[in-house]
Amino acid sequence: MKLTGKNFIGKKQSSQGTAKYVASNPAAGTAIEPAFFEATTSEVDEAVLLAAKAFAIYSRTSADVRARFLEAIAEEIQQLGDVLLERCAKETGLPLARLTGERARTINQIKLFANYLRDGSWVDARIDHPDASRVPPKPDLRSMLVPLGPVGVFGASNFPLAFSVAGGDTISALAAGCTVVFKGHPAHPGTSEMVASAIIHACEKCQMPDGTFSLVNGKSIEVGKSLVQHPAISAIAFTGSFKGGKAIFDLANKRDRPIPVYAEMGSTNPVFILSDVLKERAESIAKDLVQSVTLGTGQFCTNPGLVMIPGEQRNFVSLLTRNFEDAACGLMLTSDIHSSFNNGIDALKSHGANVLAKGKEAGEGFSVSPHLFDTTGKKFLAETKLEEELFGPSTVIVHADDKKELLELAKKLTGHLTATVHGTETDLRDNEELLTILAQKVGRLVINGYPTGVEVAHAMVHGGPYPATTDSRTTSVGSNAMTRFARPLCFQNFPDALLPDALKESNPLGLRRFVDGKFV
Ligand code: NAP
């Protein structure tokens with residue numbers, strides 16, 4: 001496929017602006033052709049107005065029609081073939097094997113939403129039958145979830161397929177019946193154009209209204225800002241830095257009509273390793289933990305960046321040190337992420353963390369060397385900066401004096417996506433309070449495992465209290481992500497013929513409904 005560098009305003013390709021940018025190859029730090037046109041404010045406006053027009057039709061399509069549309073998107077992505085992966089590998093420095101897996105994840109994720117849509121019960125249909133004899137008379141009340149409106153989505157740099165143009169945010173919004181204007185991440189514009197073209201082909205194939213999906217490119221924050229501020233946008237989904245997510249959240253709240261912002265801003269994912277388990281499994285935990293920290297050059301929002309242990313644990317720390325020294329260097333996704341990692345190492349040192357070990361020396365391009373730090377519980381309790389995410393292959397061991405201090409460390413934590421506890425049965429029984437504290441802090445608790453590897457499933461929660469996200473009630477991975485883009489609507493005393501099928505008395509869709517206080 002020949003890349004044009006243009007934006008997609010619905011099915012039309014557009015290049016009104018003069019500002020352009022190119023992608024960089026992380027392995028060599030060199031530019032990759034072609035140049036991409038930054039969307040102008042008027043192009044963003046056109047895309048959003050078209051999305052609003054399309055919403056009037058798209059939001060009324062049946063679940064089955066939308067499920068077929070999603071499946072067509074999956075087919076079109078598959079049909080792009082390996083050219084997609086090759087372009088993506090050039091833009092991100094991610095190995096082809098990883099991208100092959102990520103494409104499969106993206107496609108399976110789309111199919112999961114299609115199946116969930118067909119099941120239909122996600123609309124949470126509720127019916128309270130009337131009672132004319134009651135004083136005062138009880139009305140007929142029926143409610144269900146309905147789509148919010150056009151959604152603005154910001155893609156992440158670290159998952160160029162699964163959290164980008166046809167990633168979980170776009171697909172869950174489309175599944176919910178919302179139209180999407182996608183702000184392409186400037187780190188992988190060619191990949192974005194290819195996947196956007198697949199979505200547009202699927203729109204045409206399934207006769208979806210023009211504007212159901214648009215892609216606006218940009219390397220300056222102005223494109224994203226005009227999307228967030230556009231009066232016709234009803235919600236925002238974002239994955240990226242705390243700085244970016246918080247800025248977008250604040251901008252959305254300053255609008256005349258504030259809108260929900262579902263920003264997933266990453267976290268440090270503390271891992272607590274208890275004393276008995278270290279007597280039994282120090283070697284395997286040290287090996288697996290280093291693998292988890294360095295996986296994908298540490299560029300996962302679930303990367304374990306804090307390891308809390310009771311006391312010095314010299315044997316475990318020396319095992320970790322050896323594994324870190326053997327760890328390979330790896331490529332960061334962008335020049336900015338590369339320099340943030342190197343600056344972050346200096347910042348950690350200045351905030352009281354010691355470098356215990358470094359992996360193999362960094363090579364060419366945006367390469368970095370994995371880092372292992374340690375610090376004391378006292379320093380961690382006194383310095384909030386030690387808890388901040390350093391995006392990349394690094395982790396900080398925190399030595400607690402005793403069990404009491406371990407609990408203090410847990411209490412001090414802010415919101416994270418995950419927390420992990422390694423322990424024997426006895427450890428876990430003796431540390432129930434630790435689990436109770438951690439449950440207040442995260443969206444997912446892991447026992448005797450590692451937080452990297454986020455399964456796309458119905459029960460997955462990829463979210464957590466602030467600052468991990470801007471809305472702890474939701475998840476950005478798994479089928480529950482759809483509810484972010486819907487709101488409850490109640491129909492009072494409606495004639496049956498005017499009700500949506502999900503609420504009709506005869507239940508023509510065969511949904512599981514909550515009728516007069518019971519699931520039926
Ligand atoms: P980012 O800087 O947060 O950017 C993500 C997207 O948001 C980009 O499209 C960016 O557009 C846009 N954006 C950022 N600030 C904005 C603002 N104030 N107003 C409007 N739009 C804004 O993330 P990144 O470039 O992927 O990586 C930078 C850092 O983010 C990393 O070092 C890491 O700390 C973190 N990160 C976290 C995760 C995670 O999973 N939570 C994933 C990736 C990165 P422009 O590029 O056009 O400015």
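## Basis of the model

Because the model is predicted, local features need pLDDT of at least 70 and side-chain atom pairs count only at pLDDT 80 or more, whereas totals for chains, interfaces and linings use all residues. Residues are numbered from 1 along each chain as its sequence is written, and side-chain values use heavy atoms, with hydrogens and water left out.

## The ligand and its shell

The ligand is surrounded by 25 residues, and the closest of them are Ser157, Lys183, His185, Ser241 and Cys301; a residue is near the ligand if one of its heavy atoms lies within 4 Å of it. By class, this shell holds 10 nonpolar, 10 polar and 5 charged residues, where Ala, Val, Leu, Ile, Met, Phe, Trp, Tyr, Cys and Pro count as nonpolar, Asp, Glu, Lys and Arg as charged, and the others, Gly among them, as polar. The elements α7 (221-229), β10 (235-239) and α8 (242-253) each supply at least two residues of the shell, and the largest share, 3 residues, comes from α8; helices (H or I, at least four residues) and strands (E, at least two) are DSSP runs, numbered from the N terminus.

Polar contacts are pairs of N or O atoms within 3.5 Å. An N or O atom in the side chain of Ser157 is 2.5 Å from an oxygen atom of the ligand, a polar side-chain atom of His185 lies 3.0 Å from a ligand oxygen atom, and a polar backbone atom of Lys219 is 3.5 Å from an oxygen atom of the ligand. Of the 870 Å² of accessible area that the ligand has on its own, the protein covers 86%, with areas taken from the Shrake-Rupley method with a 1.4 Å probe.

## The second largest pocket

A pocket is an open set of points on a 1 Å grid over the protein atoms alone, with protein on both sides within 12 Å along at least five of seven lines, and its lining residues have an atom within 4 Å of a point. The second largest pocket holds about 820 Å³ of space, a volume being the space filled by probe spheres set on the points. It is lined by 27 residues, of which Ser59, Arg60, Thr61, Met144 and Pro500 are the closest to its centre.

Two or more lining residues come from each of α2 (63-79), α4 (96-119), β6 (141-147) and β21 (486-492), and β6 gives the largest share, 4 residues. By class, the lining of this pocket has 16 nonpolar, 4 polar and 7 charged residues.

## A buried helix

Helix α5 (residues 168-176) is largely enclosed by the rest of the structure, because 9 of its 9 residues are buried, which here means under 20% relative accessible area (1.4 Å probe, protein chains only). Just after α5, Gly177 takes a positive phi of about 100°.

## Cavities

A cavity is a set of grid points where a 1.4 Å probe fits but cannot get out, and the count comes to 3 cavities of 30 Å³ or more. The largest cavity has a volume of about 60 Å³, and its lining, which includes Tyr262, His462 and Arg484, has 2 nonpolar, 7 polar and 3 charged residues.

The second largest cavity holds about 50 Å³ of space, and among the residues that line it are Thr268, Leu348 and Glu388. Strand β18 (residues 394-400) gives the most to this lining, with 3 residues, and the lining divides into 4 nonpolar, 4 polar and 1 charged.

Technical notes
Polar contact = N/O pair within 3.5 Å; in protein donor to acceptor, adjacent residues only side chain to side chain. Buried < 20%, exposed > 50% of the residue type's maximum accessible area, 1.4 Å probe, protein only.
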